[in-house]
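Me: I would like to learn how to read a structure, one feature at a time. Can we work through one together?

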Amino acid sequence: MDAFFVSVEELEDPSLKGKAVIVGADPDGRGVVAAASYEARKFGIHSAMPIRTAKKLCPHAIFLRGQHSKYSEYSHKIYRIFEEFTPVVEMVSIDEAYLDLTGCERLHGSAFRGADKLIRTIKERTGLNASVGLSTSHLVSKIASDQAKPHGLLHVFPGYEASFLAPLPIRRMPGIGKVTEPELRSHGITTIGDLAQAGASKLKEWFGTYGEWLYTKSQGRDIEAYQYSEEPKSISHETTFDVDIDDGEELERTLSYLAQLVARRLRDHQLFARTIGLKLRDAGFRTLTRDVTLDEPTHLDSVIFENVLRLFENAWSRKQKIRLLGVRASHLERGSFQPRLLDAAQKQKLERVMQTTDKLRERFGFESVQLARSLEPGQPSKPRKKRQFLGRE
C-alpha cells in the first residue's frame, strides 16, 4: 500500500491531501515517525526517524498521532479483497502482502491482468492506492513494487529478473543496510549487478555464507526468507508513554489493551502462542523482558492479559516510572490441540465470544469492544482516552 497510514488519514480528512503529513508521536515529545506522506519525504523524512528530527527537517508538516485500530480495519478490508483473487495470501505486515496468482488464469486472465484488476479493485472499494510488483519471485516482486510507487504496476518478465535488478543501487536489496553497504563498496560493489559480476565464489570468500546469499538474491531467485509459507516467529505490540508514569491502574489498562491487540493478530493468522512475554523500559532507559511458557497455547485476550499482568506485577518496582510497555507472543503454533476436559467447555465459550468480538470490531472499530480491565473508570458516557499503538510483527 502507498503511504498507508497517511493515505487512510487523507481518506477521512481530504484537506490533508497534497500536504506534508507525518504520522507518529507528539512532535514535541519523544518517539518515532510511523509514516510520512510523499510531500514530507521530499524533506528527508522516513519511518523510524526520531520525531524531533522530523520536526526540524519539516517544521511546517502536519503531525498526527494515528490510530492502529483504524489502520487495522482498512487492512482487514484489503485482506478480504486479496482472498477473492487467490487462496494463497501472505500478509507480511499491516500494509504489505504477497499473493500467488499461479493457477488463477481462469478467474483473472493473465497474471498481469489479475494484478491490474487487483489495484483497481482496492481503489474502487477502499479509496486507497496500492502498488504492485509482478514476477516469479518474492524478492523481485518486493523490489518491483517499490519501483512502481506510487499507484503503479511493474511486471518483470520471467528470465529478466537479474537484468532488472542489475542497475539498481545495492541499498534497494532487502537485507543490505548501513553496516553492509560500506563493506560492499570497499570491494567496488555499488549496484546489484556488481554483486552478480563478482560471482558466488568471490562473495563467499569475502563474506562467507552471507556472500552466497547475496549472490542468490542478485540473480532474483527466492531464498528461504522469502518463501510465502514462512509464518511469523512472534507477534508484539508496544507503546511509549508521552510522560513516564507510575500509575498502576493506567499501566494495567495499557497492558490489557496491548494484550488484546496481540490476541487479535494471532487470530488473524490462525495461530496460537505457547509463550507470552513482557517488555518494560523505565525512565532510566533500562529495559527488562520476561517470558512465561503456557501449559496450553492460546490466542485468547483474557489468557494473554492474565499472564502478562503476572509478569508485570513480579517485575515492576512501584518506585519506578515506566517509559515503555510491550506484550509479545512467541513459539507460535498453527495445529489444533486437545484442551483439558475440565475447562474445554469454558474455552469453547470464550472462542465463540472472541469470534463475535472480532466481527464487531471489523464493523465498528477495535475500540468498540474491550476487556473491562482496559477501560478507564468514570461515568459510562465519559469517552475513554484514545491510546495510539503502532504495533509491529
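Me: Which two strands form a hairpin, and how many residues lie between them?
Reply: This is a predicted model. In it, β9 and β10 form a hairpin with four residues between them. In the turn, F285 has a positive phi of about 70°.

Me: How many bridges pair β9 and β10, and in which sense, parallel or antiparallel?
Reply: Strands of a sheet pair through backbone hydrogen bonds, either parallel or antiparallel. Here β9 and β10 pair in the antiparallel sense, over eight bridges.

Me: What is the order of the strands in the open sheet?
Reply: There are four strands, in the order β8-β11-β9-β10, and the pairing is antiparallel. The edges are β8 (234-245) and β10 (287-298), each of which pairs on one side only. From one strand to the next, the twist averages 15°.

Me: How many bridges join β8 to β11?
Reply: Eight bridges join β8 to β11, which covers residues 322-333, and the two strands run antiparallel. For S234, the bridge partner in β11 is S330.

Me: Which strands does helix α14 lie across?
Reply: Helix α14, residues 301-315, lies across β9 (272-282), β10 and β11. Relative to β9, α14 runs at about 35°.

Me: Which residues touch the most other members of the largest nonpolar core?
Reply: The general idea comes first. In soluble globular proteins, nonpolar side chains tend to be buried together. The largest nonpolar core here has 28 residues, and L251, L255, L266, I304, F312 and L325 touch the most other members. Two or more residues come from each of β8, α13 (248-268), β9, α14 and β11. Helix α13 gives the largest share, seven residues.

Me: What is F312 in contact with, leaving aside its neighbours within four places in sequence?
Reply: With those neighbours left aside, F312 is in contact with L251, L255, L278, L280 and L325. Another core lies apart from this one; it has 27 residues, including F5, A35, V89 and I119.

Me: How many of the residues of helix α7 are buried?
Reply: Helix α7 spans residues 138-148, and eight of its 11 residues are buried, so the helix is mostly covered. The buried residues are H138, L139, V140, S141, I143, A144, S145 and A148.

Me: At what angle do α11 and α12 pack?
Reply: Helix α11, residues 200-207, packs with α12 at an angle of about 145°, and their axes are 6 Å apart. Their crossing is right-handed. On the α11 side, A200, L203, K204 and F207 meet T209, Y210, G211, E212 and Y215 of α12. Sorted by class, this contact has five nonpolar, two polar and two charged residues.

Me: Is T180 buried or exposed, and why?
Reply: A residue counts as buried when its relative accessible area is under 20%. T180 has a relative accessible area of 14%, so T180 is buried. Its place is in helix α9, residues 180-185. Leaving aside neighbours within four places in sequence, T180 is in contact with G175 and Y210.

Notes. Residues are numbered from 1 along each chain as its sequence is written. This is a predicted model: local features need pLDDT of at least 70, side-chain atom pairs count only at pLDDT 80 or more; totals for chains, interfaces and linings use all residues. Side-chain values use heavy atoms; hydrogens and water are left out. Two strands pair if DSSP finds at least two bridges between them. Axes are lines fitted to C-alpha atoms, for helices over the stretch in contact, and angles run from 0 to 180 degrees between N-to-C directions. Contact means heavy atoms within 4.5 Å. Buried means under 20% relative accessible area, exposed over 50%, partly exposed in between (1.4 Å probe, protein chains only). A crossing is left-handed if the near helix is turned anticlockwise from the far one by less than a right angle, and right-handed if clockwise. Ala, Val, Leu, Ile, Met, Phe, Trp, Tyr, Cys and Pro count as nonpolar, Asp, Glu, Lys and Arg as charged, and the others, Gly among them, as polar. A nonpolar core is a set of buried Ala, Val, Leu, Ile, Met, Phe, Trp, Tyr and Cys residues joined through side-chain atoms within 4.5 Å.
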